[in-house]
Amino acid sequence: MIRRWKPRRGALVMIAVLFSTGAAVRLVGHADVIAGAAFASDGEVVSDDLCTPEPAIAELLADLKARGNELDARDEALTGRAAEIAVAEEELAASLQRLTEAEQALQDTIAAADGAMESDVDRLVKVYEAMKPAEAAGLFEAMEVSFAAGFLARMNAESAAAIMSGLPPETAYAVSLSLAGRNAGVPTE
């Protein structure tokens with residue numbers, strides 16, 4: 001009969017006992033360091049500062065802690081500043097909205113005023129056109145030249161010609177120059 005090989009547990013147990021013993025010896029050998037003191041062979045305490053860090057390391061740790069506190073303070077300050085900026089941005093947006101609304105209201109008012117002024121000027125032009133040319137010429141002679149030229153430019157050609165013929169020659173000449181030069185400053189391109 002062939003005998004089969006069976007693994008022996010005894011060898012494994014022996015290896016486990018050896019490892020455990022080695023660990024126990026190391027643990028007992030360093031027990032004084034774990035407890036925080038070094039003992040002489042007779043049990044007397046040799047040094048109590050094996051667990052205290054070296055002065056350079058302690059100083060480095062203190063510097064790191066101080067730097068960490070400083071960074072925390074800066075972070076808090078930046079967070080506060082970011083909140084202030086967000087509030088300022090909201091206020092700026094609201095101010096910009098109010099300014100846009102005010103600008104629109106102003107443009108509407110100007111447009112209404114311009115429309116009313118245009119309406120008034122058109123009405124005066126019609127009044128001057130309806131007047132007898134000799135009476136209108138007397139009024140145009142009293143007006144400033146550029147003002148009179150503005151009215152005459154809006155009138156139909158027949159009414160303007162009749163009024164111009166009733167003006168003294170010097171006044172008619174000045175009004176003609178004003179009419180001719182009104183668009184001289186307009187860009188051509």
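**Aromatic pairs**

I looked for ring pairs and found that the structure holds four. Rings of Phe, Tyr and Trp (its six-membered ring) pair if their centres lie within 6.5 Å; planes under 30 degrees apart count as stacked, over 60 as edge-to-face and the rest as tilted.

The model is predicted, so local features need pLDDT of at least 70 and side-chain atom pairs count only at pLDDT 80 or more, while totals for chains, interfaces and linings use all residues. Residues are numbered from 1 along each chain as its sequence is written, and side-chain values use heavy atoms, with hydrogens and water left out.

I took Tyr-128 and Phe-140 next. Their ring centres are 5.1 Å apart and the planes stand at 70 degrees, so this pair is edge-to-face. Tyr-128 sits in helix H3 (residues 55-130) and Phe-140 in helix H4 (residues 133-142), so I noted a link between distant parts of the chain, 12 residues apart. Helices (H or I, at least four residues) and strands (E, at least two) are DSSP runs, numbered from the N terminus.

Then I checked burial. Buried means under 20% relative accessible area, exposed over 50%, partly exposed in between (1.4 Å probe, protein chains only). Tyr-128 has 10%, so it is buried. Phe-140 has 1% and is buried.

Phe-140 also pairs with Phe-151, edge-to-face, at 6.4 Å centre to centre and 80 degrees between the planes. Phe-151 is in helix H5 and Phe-140 in H4, so the pair ties together parts 11 residues apart in sequence. Phe-151 is buried, as is Phe-140. I logged one aromatic cluster: Tyr-128, Phe-140, Phe-147 and Phe-151.

**Helix H5**

Which residues of H5 are buried? I listed Ala-148, Ala-149, Gly-150, Phe-151 and Leu-152. The buried residues of H5 pack against H3, H4, helix H6 (157-165) and H7.

**H5 against H7**

I looked up the axes of H5 (residues 145-154) and H7 (residues 169-181). They come within 9 Å and cross at roughly 65 degrees. Axes are lines fitted to C-alpha atoms, for helices over the stretch in contact, and angles run from 0 to 180 degrees between N-to-C directions. H5 and H7 are therefore roughly perpendicular (65 to 115 degrees).

Contact means heavy atoms within 4.5 Å. H5 contributes Val-145, Ser-146, Ala-148, Ala-149, Leu-152 and Ala-153, and H7 contributes Ala-174, Val-175, Ser-178 and Leu-179.

How values were computed
Angles under 35 degrees count as roughly parallel, over 145 as roughly antiparallel, 65 to 115 as roughly perpendicular and the rest as oblique.
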